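Here is a short tour of one protein model. Keep the sequence and the 3D view open as you read.

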Amino acid sequence: MALRFFNTYSREIEEFEPRDPAKRPIRMYTCGPTVYSRAHIGNFRAYIFEDLLQRHLELRGYKVHRAMNITDVDDKTIRGAREAGVPLAKFTEQFKKAFFEDAMALRIKRADEFPCATDQRYIDRMIEMIRTLISKGLAYQADDKSVYFRINKFPGYGKLAHFDLSQLQSTGRVKHDEYDKEHIGDFALWKAWDEEDGDVKWDSPWGSGRPGWHIECSAMSTALLGDQIDIHCGGVDNIFPHHEAEIAQSEGVTDKRFVRYWLHCAHLLVDGQKMAKSLGNFYTVPDVLAKGYTGRELRYALLRVHYRVPLNFTWEGMNEARESLDRIDEWLMRLREVGEKQTVKRPIEKTELEEALYDDLNISAALGFLFESIRETNRAMDEGKLDAASANAWLEWWKRINSVLDLEPEVEIVVPPEVTQLAKEREDARRKKNWKRSDELRERISAFGWEVRDTKEGPKLTRRGAP
Ligand code: AMP
Ligand code: ZN
């Protein structure tokens, strides 16, 4: 079955074909965090979608080479450092660290490269690209000394966001800092230094200053992945102007098609609005962990809805995530109990779960199949009809699927000795038909966060669901 993705560029579902399947890994670029504060879980929805995409490509047998940039210089980082009264590098360092901690808590696979915009290698490349754009008439230095991209000169500007330039021409009020531009839509490639920038500046042929946000990504992506990338991702808010600008800059320099597949995820919402720093309606990963949820539960909550469908964040959704994971954990525990009886293994071939993922990463359908399978195999286990070979086959299948989902519990669940003791006492009470005592003991077990299930093979303990 062919792998298919919705390409923002064509607005169509397309079959995925890597540029050069024989020779090189898939080149994947994902826009990373701007480190002026701790990333919020909306940002992490985007990173988890990208993680799912990479892992699925790998399950499919592709090698993936992925770069995720860190934007450590822009208006917001400079403002933040100034307000905190610390040098830019010191200011951004804490948020870089926080980003990696949070990504780890959410089990996001590390990219192969994490380029930082302030790395001199990339600054040099940005300057080189801007120089080329000027020499081709695609950029100009304005009276304010900043360098701008001349969007009128780039054929097809707007081809990703699907608008035509005339829409931009109806101006409205022109902001002060836009007086010097030829066209209101021209965007800064190089921002001339001003006092507010303090000591954040680099030398360039156009005087000292700093790069614009868009050129950072064009320079880092082409430096690390080459002129032509297979897949480029971000949230939908990145489509315009950021990714449109990246196309104009990169193709303006190389004259080659920059990206083959553009994939964008819909937003994480709160009460129907985009979760955003500027709206103040955000949670960070530590905010969620402080409420007693695990990174794994948050991973599940952010993963479970198709990436192109907006997802509303609620605490109820977090509880549902916990319940779903408990069902998976219990299922795995039961399969292991049955499977232990024999070492025979029989593979389960590709299922609807994989097929759903092939279909533009349809995770909702994939999870639907998973829970349907859990229901069916649990029923078979209740009736003692699932043999060890089948249980092991499911466990093998799960191992394969889990390389994409990464939802296994942190540690093998160990039943605490107190709970085992209570369960024994309850068994005794039941044998003596002392139902009152048995019920009391069930409640005490429950208070420890465990549940007793009476099966044909005797009582079994499982962890209880939501608190
Ligand atoms: P930023 O740090 O603002 O550059 O954003 C980093 C990534 O997070 C980008 O890919 C954004 O598109 C994405 N993003 C920002 N807010 C949200 C949100 N509420 N839901 C999903 N993705 C988001
Ligand atoms: Zn970017």
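At what angle do helix H9 and helix H10 pack, and how far apart are their axes? The answer comes first, and the rest of the model follows.

## Two packed helices

Helix H9 (residues 295-303) and helix H10 (residues 315-339) pack at about 105 degrees, and their axes are 9 Å apart. Helices here are DSSP runs of H or I with at least four residues, strands are runs of E with at least two, and both are numbered from the N terminus. Axes are lines fitted to C-alpha atoms, for helices over the stretch in contact, and angles run from 0 to 180 degrees between N-to-C directions. H9 is therefore roughly perpendicular to H10 (under 35 degrees is roughly parallel, over 145 roughly antiparallel, 65 to 115 roughly perpendicular, the rest oblique).

Which residues make the contact? H9 brings Arg 296, Glu 297, Leu 298, Tyr 300 and Ala 301. H10 brings Met 318, Ala 321, Arg 322, Ser 324, Leu 325 and Asp 329. Contact means heavy atoms within 4.5 Å.

## The model as a whole

This is a predicted model, in which local features need pLDDT of at least 70, side-chain atom pairs count only at pLDDT 80 or more, and totals for chains, interfaces and linings use all residues. Residues are numbered from 1 along each chain as its sequence is written, chains are lettered from A and ligands numbered from 1 in the order in which they are written, and side-chain values use heavy atoms, with hydrogens and water left out.

The protein averages a pLDDT of 92, and 96% of its residues score at least 70. pLDDT is the predictor's confidence in each residue, from 0 to 100. Residues 170-176 fall below 50, and this stretch has 2 contacts in the model beyond near neighbours in sequence.

The secondary structure comes to 15 helices and 15 strands. Of the 467 residues, 52% are buried (under 20% relative accessible area; exposed is over 50%, partly exposed in between; 1.4 Å probe, protein chains only). The C-alpha atoms fill a box of roughly 95 × 50 × 40 Å along the principal axes.

One open sheet has 4 parallel strands in the order S4-S3-S9-S10. Two strands pair if DSSP finds at least two bridges between them. Strand S3 (residues 26-30) is joined to strand S9 (residues 229-235) by 3 bridges. Thr 30 has Cys 233 in S9 as its bridge partner.

The other open sheet has 4 antiparallel strands, in the order S5-S6-S7-S8. S5 (139-141) and S8 (209-211) are the edges. Strand S7 (residues 188-192) pairs with S8 over 3 bridges, and Ala 192 stands opposite Gly 209.

## The zinc site

Which residues coordinate the zinc ion (ligand 2)? They are Cys 31 (SG), Cys 217 (SG) and His 242 (NE2), at 2.1 to 2.2 Å. Donors are N, O and S atoms within 2.8 Å of the metal (3.2 Å for Na, K and Ca); water is not among the atoms, so sites may look incomplete.

Cys 31 lies in the loop between S3 and helix H1 (41-59), and His 242 in helix H7 (residues 239-254), so the pair ties together parts 211 residues apart in sequence. Cys 31 counts as buried because its relative accessibility is 7%. His 242 is buried too, at 0%.
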